Structures are given as C-alpha cells and as structure tokens.
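Subject: Structure handover

Hello,

Here is the structure I said I would pass on. Please look it over; my notes come after it.

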Amino acid sequence: MLGEWKTLESDKKKFVLSVAAIVAFVYAVCLWGTASTLLSNKTDATHHHQARMSSTGNEPGHTPAEPLPAEGNFTTVKVGTYIDDIDTFSIKDSSWSANFYVWFSWAGPKEIDPGGKLVVVDGTITKKDLLESYSGPDGVNYQKYRISAKFLKYFDTVRVPIESHMLNIYVEDGSRDAAKLRFVADPASNISSRVQIPGYKIVGISNVVKAHTYRSSYGDPRIAAGNVKTFSQYIVGVDIVRSSVGIYLKIFLALFAALALALSNFFVKPSDVGPRFSLPTAAYFGAVANSYVANSILPPSGSFGLVDFVAGFGMSTIFLTIALSLLSNYLFVKKGEQALALLFDRVMFFTVGICCLTANIIIPMCAYG
C-alpha cells in the first residue's frame, strides 16, 4: 500500500486524506460527547451517594428536611443493622430484597417498643421476627429483630452494564416523629462476608441518621393545616460496583463480531457489488438484534445510556462502511480510478477500524466503577 501511495497524484492524496480526516473528526466529536456524559454521570452518582449518607447533606433533587429542634422531650434510641443476605437483585424490575437483623437499645419505658412500630421506607416488610427482648436492671432496654424485606429502587441505568450503585435501607418509627423519638446510628452495624450479588462486588457499607420530613399532616385533626411532620430516619448504605468488564464484553460480543464483518468488506473488490454490500447489511441486522438483547436487561425508560451509546456507535460505523463502499464503487466503476479506489479502501479500513476500536476502549473506561 505504501508503494501505491507514493505513486498517487497529490490531489488524489488530498482527497483520501480529507475523507479520512472527516471520518476521524466525526468520531472524535461523538466520542467526546459520549465520554463527557458518562464521566458526568459517574461524578454525579458519587456526589449523590455522599450527600445521601451525610447527616447534614441534602441529596440533589430531594426537598430538604425541616431542621430538628436542638432540645425537646424525646427518647433517644440507638439502632443498628447486620445484613445477612441479599437474595434478589433486579435492575430491570427496579427492586432488591434482603434479610437483615435490626436492633434497638434505649433508656426509658419499655413500652416505647421501637421495633413494634418499625417501618421500612421505599420497601415492604415480608416477615418480621422478634428474636430477643429484655430490660436490664439499669433501665436499658434492648430488642433484636430479623426482617425480610423487598425494596423499591430506581436504578440509574446510564452506565449499565459496568456501573456502580448504592443499595439503601431506610428505617423509621411509624408513629412517633422526631419530637418524640430520635435514632442514633450504632457503629457496630455491618454486613456479612457471605453476602454476594452476581456480577457485583461490595466495596463498602455505612449508616447514618437524618431528618426526613413528610409534607402532610395525614389528616390528623390535632395538627394545624399546613404543618409538616419530621421523623428521625436511620439509613444503611451498601456500595456495590461491577466486579469486572466481563458482562460488558459478553453483552456486546455479537456487536463486535458484526463490526468486524462490516470492516472486512473493505477487502472486497469495489466492483463486486453483491458481496461488497451484503456483508455490512448482514452486520447491520446483527447489530440491531444485539441492541434488543442489550436493552432487555434494562427497565423501560426514555433516557439514553451506555448500552444505547455503544449500540449507536456500532450501527453508525456499519452505516459508514456502506457509505464509504458506495464512494469506493463510484471511484472504481464510474470514474475508472481502480488504483485510487483500492487505496481508498485500505485507508478507510484503518481509519474506521482505529476510530471504532478507540471508541470501544474509551467509552467503557469512562463508565466503569
């Protein structure tokens, strides 16, 4: 190819280089926009998680809670959790479920019974067993429950399938607001080393107590209209990330094979119209089928994410190979520039191939973790 390039006229060299430059520029612009979106999403997710697990922070997009009075006639209850297992986890169904222990200790009347009035916010308790309860001679009371619960979780799917998430358990007293009862997080809270989520690894666990305001009086005639109720809410946060990029490669393996098939058409003689255009056409249908498979792991949504970006790059690349093949065919058949057409094919193979490979390396790097 180098010898053919040296013998080519300068105007024809400029033509080939101009087309290659345009192709590379379009890829660069699209890649920059995609990488910026994924990096921004990853940064935003980190900020959301940090704010969620901060006792004073407010998660973006959430209405700030009303401040709690510094003093009052309330009972302080220490609460902690131990997550024993996570038995279901589904991004598509926007839910996960777990079995965990929760305990309460407090000084005061035994009748306070915080476990009996326990509620799980954004979830449903399917089973609750009181395992232990006692009142010590020093006036300290203790309760331990084992709870099975299913939680509603609207997962951020922008970076699926190489994303990170925070799974949260929100616990409140169902009847007494922060004027009557306030939680304190027990640092002894933890998660079992046996807990596993297929395809993910657990990288951290934390807990915090925050104020949570409900913008309603619940129709209580004892509360003036327009008043709100603020509860003390105990939050557990479990940080998980994809264990590897293996799931990414597995999902898009068919797409990568289709791209290789489409790129191979640059080695077919431009005048052989049948095989020249049948290869990328077959590859395009394969890419479309792979897109359906990739989106099957996601819940219905109108937003675009990594799955759509990778599929979009793939199908656009295949379409580009068809467009460039048409141009090569025009040079070879209509213009009679056989040498130029053959050289054009080789240059486009390397240009499109390198751009496509670069995009499929940078995109997952920007999304991972």
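Predicted model: local features only at pLDDT ≥ 70, side-chain atom pairs only at ≥ 80, totals over all residues.

The residues in the contact of H2 with H6 comprise 24 nonpolar, three polar and two charged ones. H6 itself is 30 residues long and spans 44 Å from first to last C-alpha, close to the 44 Å expected at 1.5 Å a residue. Just after H6 comes glycine 369, whose phi is positive, at about 85°.

The other pair consists of helix H4 (residues 273-295) and helix H5 (residues 306-334), which pack at about 170° with 10 Å between their axes. Because that angle is over 145 degrees, H4 and H5 count as roughly antiparallel. The contact of H4 with H5 holds 14 nonpolar, six polar and two charged residues. On the H4 side the contact residues include Phe277, Ala283, Tyr284 and Val288, and on the H5 side they include Ala311, Met315, Ile318 and Ile322. The charged residues Arg276 of H4 and Asp308 of H5 also belong to this contact.

Is arginine 242 buried or exposed? Arginine 242 has a relative accessible area of 9%, which means that it counts as buried, the limit being under 20%. Arginine 242 belongs to strand S10, which runs over residues 229-242. A polar atom of the arginine 242 side chain is 2.8 Å from the backbone oxygen of proline 161. Beyond four places in sequence, the residues touched by arginine 242 are Ile91, Pro161, Ile162, Glu163, Gly199, Tyr200, Lys201, Ile247 and Tyr368.

Proline 161 sits in the loop that joins strand S5 (140-152) to strand S6 (164-173). The peptide bond leading from valine 160 into proline 161 is cis, with omega near 20°.

Aspartates with positive phi

Two aspartates are worth a look when you check the backbone. Aspartate 113 has phi near 45°, a positive value in a residue other than glycine. Aspartate 113 is in the loop between strand S2 (95-107) and strand S3 (118-121). With a relative accessible area of 24%, aspartate 113 is partly exposed.

Aspartate 122 is not a glycine either, yet its phi is positive at about 60°. This aspartate 122 is placed in the loop between S3 and strand S4 (123-135). Its relative accessibility is 46%, so aspartate 122 is partly exposed.

Valine 120

Valine 120 is part of strand S3. At a relative accessible area of 10%, valine 120 is buried. Setting aside neighbours within four places in sequence, valine 120 contacts Ile125, Phe151 and Tyr170. How many residues along the chain separate valine 120 and tyrosine 234, and what is the distance between their C-alpha atoms? The two are 114 residues apart along the chain, and their C-alpha atoms are 9.8 Å apart.

Regards

Conventions:
Residues numbered from 1 in each chain as written. Heavy atoms only, no water. Helix = DSSP H or I, 4+ residues; strand = E, 2+ residues; numbered from the N terminus. Buried < 20%, exposed > 50% of the residue type's maximum accessible area, 1.4 Å probe, protein only. Polar contact = N/O pair within 3.5 Å; in protein donor to acceptor, adjacent residues only side chain to side chain. Contact = heavy atoms within 4.5 Å. Expected span 1.5 Å × (residues − 1). Axes fitted to C-alpha atoms, helices over the stretch in contact; angles between N-to-C directions. Parallel < 35°, antiparallel > 145°, perpendicular 65-115°, else oblique.
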